[in-house]
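Please open the structure in your viewer and keep the sequence at hand. This tour goes from one selection to the next.

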Amino acid sequence: MPALRKTTVLVASTALLTLSAAFPAVAAEKPGDDKAKPPGKMSEIGGARLGQAGTQVNAGPGVPKLPKKLTGRSWIVADAESGDVLAAHNAHWRLPPASTMKMLFADTVLPKLPKDEEHLVTDEELAGVGAGSSLVGVKEDQTYSVHDLWLGVFLSSGNDAVHVLSAMNDGIDKTVADMNAHAEELQALDTHVVSPDGYDAKGQLSSAYDLTLIARSGMQKKDFREYCSTVSAEFPGEKKKGKKREHFGIQNTNRLLTGAYGMERYEGIAGVKNGNTTNAGATFTGVAERDGRVLLVTVMNPDGKESNAVYQETARLFDWGFEAAEKAEPVGTLVPPVSAVPATGDASGAPDEGAAGGAPAPAGGGEAQAAASGGSDGVGTALAVAGGSLVLLGAGVYVVNRRRPLPGRGTGSRRR
């Protein structure tokens, strides 16, 4: 790492640690508590308006009205390419994230483990899985590939698979530490990890803003994109002596992707992750593409009175976002990781009032060119980032490389 880059990281990290300390953990203890209110002071990373309570949107000429049925305690609509936050509601309210925390787990651990590596599961690796956890069906004394285990994480939200992969990453404690460090690198400073699977734990928190940052980072990884867009797969069953190992079907729990349980599949959806626990209520981060535009939407803890509320509200926000994208002035921005912040940059990511239209700088430099050459194996996700890598520009802004065609556009999501 060049000396200049080291200096950049240290300067930004110091600023971020100061910002992090300024915003104590505040969370709603009960998802059904209508009296829970966002704190008066929240993080302003991404812009001052994102730190304000309530709905933030620039309702200028031609901007469509926000949907009426929005009950989520916190939500955000952002352009995945430019990073523009088109609208938000209590974006930095720190709330329990449920299994959407698995996005950070995957973004942190997935690059460390070769997907074809085989692992023999032990009793100890499954001993810490919380009661009532969602499981894919991992069994002790059975061998699984890393690829199989990631399918279990993304499709079945399997806490058993998370615990085994954490063991392969030198244990739960190290994995939690790695995740917290990665969250800081992403400037996801509302996030504090206690359990890598998102299981309810005291102090385990994130925000709609952070979950959106994390999803945006994850979608840059080819394998992450593949797993989160997979609708169904075959998972290894028990291997019995003298018999061929059986497999059983698993299906993604993301109902906007599958169209299950009374939902219609959302056109252009490509993931990312849903969650639901007693303390968190329902949470969801989704990414979708329409007419070449890619949006990210996160909804946390709607009131639950509507069937499939978290998915219904996400779909409404996607519809609004695609209609408003060319008309609504942003209320904030998704910030780049610490290591992408120039030495003279503002670590808080607040919009530069002197910037002309927020246009990205031209791509340049070895890292940007290397990222752009990464590419995809043609996974059928309805998402521009699946057609080419997200690249880091000189200004530290993420954009999608549009030079490559979008694979599988309009053909639906991948089945394995």
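The stops below cover a helix, a group of aromatic rings, a pair of residues and a patch of charge. Keep in mind that the model is predicted.

**Stop 1: helix α4**

Select residues 146–156, which make up helix α4. How many of the residues of α4 are buried? The count is 11 of the 11, so α4 is largely enclosed by the rest of the structure. Among the buried residues are V146, H147, D148 and L149 at one end of the list, and L155 and S156 at the other. Now move just past α4 to S157, where phi is positive, at about 55 degrees.

**Stop 2: W150 and F154**

Go back into α4 and show the side chains of W150 and F154. Because they are four residues apart in this helix, about one helical turn separates them. W150 has 1% relative accessibility and therefore counts as buried. F154 counts as buried too, because its relative accessibility is 3%, where the limit for buried is under 20%.

**Stop 3: from F154 to Y227**

F154 belongs to helix α4 and Y227 to helix α8 (residues 222–229), so the pair ties together parts that are 73 residues apart in sequence. Both F154 and Y227 are buried.

**Stop 4: the aromatic rings together**

Across the structure there are nine aromatic pairs. One of them is W150 with F154, a tilted pair with 6.2 Å from centre to centre and 50 degrees between the planes. To see one aromatic cluster, select F105, W150, F154, F224 and Y227 together.

**Stop 5**

Next select residues 172–185, helix α6, and find A183 within it. Is A183 buried or exposed? A183 is buried, as its relative accessible area is 1%.

**Stop 5**

D141 counts as exposed because its relative accessibility is 57%, and exposed means over 50%.

Methods. Residues are numbered from 1 along each chain as its sequence is written. This is a predicted model: local features need pLDDT of at least 70, side-chain atom pairs count only at pLDDT 80 or more; totals for chains, interfaces and linings use all residues. Side-chain values use heavy atoms; hydrogens and water are left out. Buried means under 20% relative accessible area, exposed over 50%, partly exposed in between (1.4 Å probe, protein chains only). Rings of Phe, Tyr and Trp (its six-membered ring) pair if their centres lie within 6.5 Å; planes under 30 degrees apart count as stacked, over 60 as edge-to-face and the rest as tilted. Helices (H or I, at least four residues) and strands (E, at least two) are DSSP runs, numbered from the N terminus.
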